[in-house]
There are 2 protein chains.
Amino acid sequence: MGEQIRIGIIGYGNLGRGVESAIKQNEDMSLVAVFSRRDPASVDVDDPQVKVASVDDIEQYTDAIDVMILCGGSATDLPEQGPTYAKLFNTIDSFDNHGKIPEYFESVDKSAKPNQKTSIIAVGWDPGLFSLNRLMGEAVLPKGTTYTFWGKGLSQGHSDAVRRVAGVKGGVQYTLPSEEAIQRVRDGEDPDLSTRDRHKRECYVVAEAGADLAKIEQDIKTMPNYFADYDTTVHFITEEQLKKEHAAMPHGGFVIRSGKTGKSNNNQIVEFSLKLGSNPEFTSSALVAYARAAYRMSQEGLYGAKTIYDVAPGYVSPKTAAELRKELL
Amino acid sequence: MGEQIRIGIIGYGNLGRGVESAIKQNEDMSLVAVFSRRDPASVDVDDPQVKVASVDDIEQYTDAIDVMILCGGSATDLPEQGPTYAKLFNTIDSFDNHGKIPEYFESVDKSAKPNQKTSIIAVGWDPGLFSLNRLMGEAVLPKGTTYTFWGKGLSQGHSDAVRRVAGVKGGVQYTLPSEEAIQRVRDGEDPDLSTRDRHKRECYVVAEAGADLAKIEQDIKTMPNYFADYDTTVHFITEEQLKKEHAAMPHGGFVIRSGKTGKSNNNQIVEFSLKLGSNPEFTSSALVAYARAAYRMSQEGLYGAKTIYDVAPGYVSPKTAAELRKELL
């Protein structure tokens, strides 16, 4: 293995922890340091060998780090961190507020370009690999419809809603894609489906002692916006079951393009799906693969903000272009 | 719609006919002419408006055509046509002899680069979109296994083998992916599967009058290399059924990456699949989408032979980068 790509991490939650783990699966990368806003001594990294530093000292690392992976949230962290650190480092982030991507892109681009840095934003699976498949599906089959289904996955917002119901002690909510809806799309029926038609909701609830279970179920199922218009199922479980069986963070989903070609209007179905045992670890793995692309693109002078649409796939693989043609094409 | 990308087609078989059809689905493209080695008057194009010209006159069209789509076969046509026409035009082809891709790439590159042309080779679904997904799967999940399954699809070589059996008047063979094998992969079992374990074979046979059906079935099922090691089914049908029910050219398949992440070795499954009503029409549709990329890359001075690994996805879509960020990401 030749040169190593030197990585830094800002933020050490589920995503930062996943990045630390993913770097170990990539021989051409090494982790230089984790940066935190907290006191470095209080940050409990998985690998004790890993250096933890304060974000206040980050400017000392501009020569030591090739790509900084920003592991903050999209609501408040990234809108500030993206433009700030794109002045100093090549960066990668998983900004996932779809509606604000254009604005965020511009603000990062303004920092990265004049400072000759490459910043790939909105990496992960949606936005990310799902976006890539939406583009390919519609470009190859212009006459058609794209369907995105999410799940089975834990939804934080809906879990919170369940926990606010009177008599509920704890609980989680999973969003499930409707199997019937997926089948209709796969069969080329080209159905008209709302988000509600495409998804079901499943709740696992721990009730308080003596609570009226029928009322809890009724309150959840009739809750406007969250559950009323969906096919919702409520399961009552024990606190122990909740801890044991519902602690993982699975997610996934499907992007299906259903198109027609030729004089006979032949059906063509392109489907991409994910079944993720750990949602944050998968996103982290995508961030690390695209960190390689950011490094290589910066080496070639391709500066500024980028999205996965701007990244030739070859940049993402550790293999050379000749190896890719020989082994994978 | 602004400028139109002006397309030429060389070769008018299933693929050329599919390209003609696909261009009509793309508003930013127009078909200038179909070039044939045959007498142009003898080529029966689907749309009588389309101009047919002789390949002997092709040099007269260098200023009139932005991208030439080569619709010949990989065995004998493309090894000659690729390097020849990459000197004169930006080109796209569906070269699909996997083992010879490196050699073919070099020969096209030698023509394209000094002549400032952009030639994207090996476009379609395998090689093509399947290759893209093999790369992404292994880059994002380095610890894992990639599985490619083909089918349900008509196999020309195996259909020929069936028709050579004594007593067989006609027939077709479909390759089917093994549902059990796919399920094991989807479940994250990471099984060790040979091509044989992954596929089944299904034959639809028209027997000659008075032929011994049991013997035909036996001869097919025990045929070495082709069928003996596979789970093979033989159905006898009438000549009418063969014509009516088996004239389409369906195909498809699955690329599945099964990987593990994190300290708890969480299962992560990435799956891409195609269910194609018409194999050649889908390949044609991919060729046309990548013709757009070849045109744009040539405008930016990105000359030489390219594969889909070298093409940033944004080039493939008719939308601008800003539109893509706003609408699809």
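Select Asn279(A) to begin: leaving aside neighbours within four places in sequence, Asn279(A) is in contact (heavy atoms within 4.5 Å) with Trp125(A), Met249(A) and His251(A). Asn279(A) lies in helix H10 of chain A, residues 279–299, where helices (H or I, at least four residues) and strands (E, at least two) are DSSP runs numbered from the N terminus. This is a predicted model, in which local features need pLDDT of at least 70 and side-chain atom pairs count only at pLDDT 80 or more, whereas totals for chains, interfaces and linings use all residues. Residues are numbered from 1 along each chain as its sequence is written, chains are lettered from A and ligands numbered from 1 in the order in which they are written, and side-chain values use heavy atoms, with hydrogens and water left out.

Next, select the residues that UniProt, in an unreviewed entry, lists under "binding site": Trp150(A), Thr175(A), Arg201(A), His251(A) and Asn279(A); such annotations may be inferred rather than shown by experiment. Thr175(A) lies in strand E9 of chain A, residues 168–177, and counts as buried at 10% relative accessibility (buried means under 20% relative accessible area, with a 1.4 Å probe and protein chains only). Beyond four places in sequence, the contacts of Thr175(A) include Trp150(A), Lys152(A), His199(A) and Arg201(A).

Now move to chain B and display the open sheet of seven strands, whose order is E3-E2-E1-E4-E5-E6-E14 with parallel pairing; two strands pair if DSSP finds at least two bridges between them. Strands E3 (52–54) and E14 (304–306) of chain B stand at the edges, each with a single partner strand, so one side of each is left without a neighbour in the sheet.

Which helix of chain B lies across E5, E6 and E14? Helix H3 (residues 101–112) does, running at about 145 degrees to E14(B), where axes are lines fitted to C-alpha atoms, for helices over the stretch in contact, and angles run from 0 to 180 degrees between N-to-C directions.

Finish at Tyr290(A), which touches, among others, Ile92(A), Ile120(A) and Met136(B).

Definitions and conventions:
Buried means under 20% relative accessible area, exposed over 50%, partly exposed in between (1.4 Å probe, protein chains only).
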